[in-house]
Amino acid sequence: MAFVTPESISDKYDVIVVGSGAAGGQSAYTLSMEGARVLMLEAGRKYDPRSETPMFQTPDMAPLRGAGTPDKPFGFYDATIDGGWSVPGEPYTNASSEKGRQFKWWRARMLGGRTNHWGRISLRNGPYDFKPRSRDGLGFDWPISYEDVAPYYDKVEMLIGVYGTNEGLENTPSSPEGVLLPPPRARIGELLARQRGRGLGIPVVPAHRAVLTRPLDHKRLPARLHPGNAKAQRILAEDMQGRAQCFWATPCGRGCSIRANYQSSTVHIPPALATGNLDIVSSAMAREITVGPSGRANGVTWIDKATGREHHASARAVVLAASACETARILLNSRPAGFPDGLGNSGGLVGKYIMDTVGASWGGYIPALEGLPPHNEDGAGGDHCYTPWWLYKEQLAGKLGFARGYHVEYTTGRQMPGAWGDYAKDDNGRTLYGPKLRGEARRYYGSYVVFTGRGEMIPNADSFCEIDPDVKDKWGIPVLRFHWKFSENETRQVAHMQRTFADWLAAMGSVRKDQPNPDGTAAIEPGGSIIHEVGGTIMGSSAANSVTNSWSQCWDVPNVVVADGGVFASNADKNPTLTIMALAWRASEHLLGELGRGNI
Amino acid sequence: MDAFDTPRMDRRSAIKWIMAAGAGAALLSRGRLLGAAAQARTAKGYGTDPDVMKASKPGDYWPLTLTPAERRAAAALCDIVLPAEGAVPGALGVGVPDFLDEWVSAPYPEQASDRTLVSGGLAWVDAESRRRFGSAYADASAEQRATLAAAMSPEAADGSEMAAPSAFFRRFRDLTAIGYYTTPDGMKDLGYVGNVPLATFDGPPADVVERLGLTDEVKW
């Protein structure tokens, strides 16, 4: 079994997995390693980072020096292909043209999806994050707690490899001994931020990122991950030896040909394929789930993008891992008998409560970092340090004026110059040029620090997606129409971020004179910008308040499992990818049990 | 949601140039300005799945569209912005004019907007050079070229006579710097020493840590 065509698929699948990113990759991995026969549908093309990653290419080898364009929004060398906030032939709409009321929807039509280019930041939700309503009365509690998910965070961290440390900070869980890999040394700007943050009460600790700072322990980990499963252990041990440790060069956003970081296409898919239990059809645009006479799902209908022809495959269960909004779209477009408003939508909640991460930044030149002797700061191709949310007590005491927190990521240092660079400050109102520009560019290079806030958005009734009654994509599939609104909790949080960052930069010696706008509505990144789309099929304690149960199964159709961020009942400041994988592993394990027990 | 909308700025900023430039230059540049924007609209980009492993050079993905006169003016001006320094090549030595041409000829909105600014600016530079010195900018003496660059350097108030040339010069400087510092020579000059595989990552050198008084911070 391997990459197959619509004509060569089998008729004996246990599970169809729609999507191949963090959720689809993890689901296909867990299911196939434990013996289930899986068909994966991927809307994009086959993609192999081992041969397609531009590792050491410099910007002068790329058009426009690698600058971002509508074809490649994060630049020519970004790993995303056939993706972005707009995908040719695959539109979506927004209901309102009013400022701040739109959602930008990122798709990545390729094997591995968004995991190919993501920032690799891998943070666990903490205990508070699963019970937010119990703490402050806003949003929803999850029907599960941190303790339910913790064993799966452990497994995912061991499988993909995550560097970081256990710092014992509030609502920032530790991993068991021996799970995390050692973090890289801090860069000079990160050290300065740490020293000067201390006076402001802001902690700086090692980041958690899915990058191998040393090889995975292929002798010990496979047995912990697949106890009693000799075949899975052997496959994983072999695969882990095929992943090299980071060689401290090239940005992770390009992907990694030596498989030193996590992307579904290098970490989940290869061992899953090696089991012989996984088939993958690429260019397969899922349209709807089909339902049999029993009222249970019995397969998926998709369009082959190469031919425009419709195909169908059958299975005992369907795992939706298409990204939160695409999953809602598939459910809403599935209208078999008995489900006039869409599959799983008897409560009218499919598409409701979509969330993104709250984002804003502030940066400045730091004179202390100017003119430093050249040294290599490429490091692990992303953040070495970060700041977990640190004001829980102040917030609980009502001192902040907004609910829910943010963590801070930093951009510092002597990174590879790019087309987005700002190479010199100006000289008293004059555009600097000539020999003076050369000298000043040398002096300023590496001295610019940007703090970026990534905060929690509370789900609200004004942020949702539905089927646009008038618009179809080029495959004839009805598209999504978005509704969006941030609340004051988010805009005030953004104002707090920027004020904090300005104070922090000042403590580091920044001479930036302008001040952030105290009105956060001006600075908040538009909905969808941070590409942390979650919600839309949220999990809950009953069919009345949610789409999925605590095992990520649709209440209406228990053999349909949502493995992606759709099930998130809240969107903690922690980047969602690690939690998506942990929940996908957990849901897949439960599904295996149900299949084995004959309940599905 | 589909991209590639050409910014509505084009016609308006073209008219701004016509106000800023002398009447003769305006008549010369007006038709070509709008024509160039239209040409950029019809060219194709590199698409959403280009071969990222293959090195390319300006002109490979879309035709270069600066006129010979514009190329000469651009080359002369980028040599002023980043001249060679001893053995270190300047903007001309690393092919920045090709990059500038690729940039302003690209069929994407940001670049199409820069096209208007750059073509208008180069036309103004030549016209102003002829008015002041009696020759095209590239044919003026080194001193004359420097004089004109200096005239564009100060920030100019919106609506003032020099507003458009000043905005042009700033953007031209930024593009030249991008074109220069993203090359191996430019990176070296800046002090970028990465993009090489290493066995270990040891963090900042001890002398750098000490200089910033961060010795205690290194101990996590």
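How many helices and strands are there in chain B? Chain B has 10 helices and 0 strands, where helices (H or I, at least four residues) and strands (E, at least two) are DSSP runs numbered from the N terminus. Read from the N terminus, the order of elements is α-α-α-α-α-α-α-α-α-α.

This is a predicted model, in which local features need pLDDT of at least 70 and side-chain atom pairs count only at pLDDT 80 or more, while totals for chains, interfaces and linings use all residues. Residues are numbered from 1 along each chain as its sequence is written, chains are lettered from A and ligands numbered from 1 in the order in which they are written, and side-chain values use heavy atoms, with hydrogens and water left out.

Chain B comprises 220 residues, and 48% of them count as buried. Buried means under 20% relative accessible area, exposed means over 50%, and partly exposed lies in between (1.4 Å probe, protein chains only). Of the contacts (heavy atoms within 4.5 Å) in chain B between residues at least 6 apart in sequence, 62% join residues at least 24 apart. The chain exposes about 10,200 Å², with 55% supplied by carbon and sulfur atoms; accessible areas come from the Shrake-Rupley method with a 1.4 Å probe, and for residues only the protein chains shown count as cover.

The size of an interface is often given as the accessible area lost when the parts come together. Here chains B and A bury about 7,200 Å² between them, 60% of it on carbon and sulfur atoms. Buried area is the accessible area (1.4 Å probe) that two parts lose on being put together, summed over both. Chain B brings 81 residues to the contact and chain A brings 83 residues.

Between the two chains there are 32 residue pairs in polar contact, both residues being at pLDDT 80 or more. A polar contact is a pair of N or O atoms within 3.5 Å; within protein, one must be able to donate a hydrogen and the other to accept it, and residues adjacent in sequence count only if both atoms are side-chain atoms. On the side of chain B that touches chain A, the elements α3 (68-81), α4 (96-104), α5 (109-133), α6 (142-152), α7 (163-181), α8 (184-190), α9 (206-211) and α10 (215-218) each supply at least two residues. The largest share, 8 residues, comes from α7(B).

Side chains of opposite charge can pair when their charged atoms come close. A salt bridge is a side-chain nitrogen of Lys or Arg within 4 Å of a carboxyl oxygen of Asp or Glu. The structure holds 50 salt bridges over all chains, and the count between chain B and chain A is 8. A:R442 takes part in a salt bridge with B:E85 (3.0 Å, N to O) and in one with B:D189 (2.7 Å, N to O). Because B:D189 lies in helix α8 of chain B and A:R442 in helix α13 (residues 435-444) of chain A, the latter pair joins two chains. B:D189 counts as buried at 11% relative accessibility, whereas A:R442 is partly exposed at 32%.

Within chain A, A:R109 and A:E90 form a salt bridge, with the closest N and O atoms 2.8 Å apart. The pair links distant parts of the chain, 19 residues apart: A:R109 is in the loop between β5 (107-108) and α3 (127-130), and A:E90 is in the loop between β3 (83-84) and β4 (93-94). Both residues, A:R109 and A:E90, are buried.
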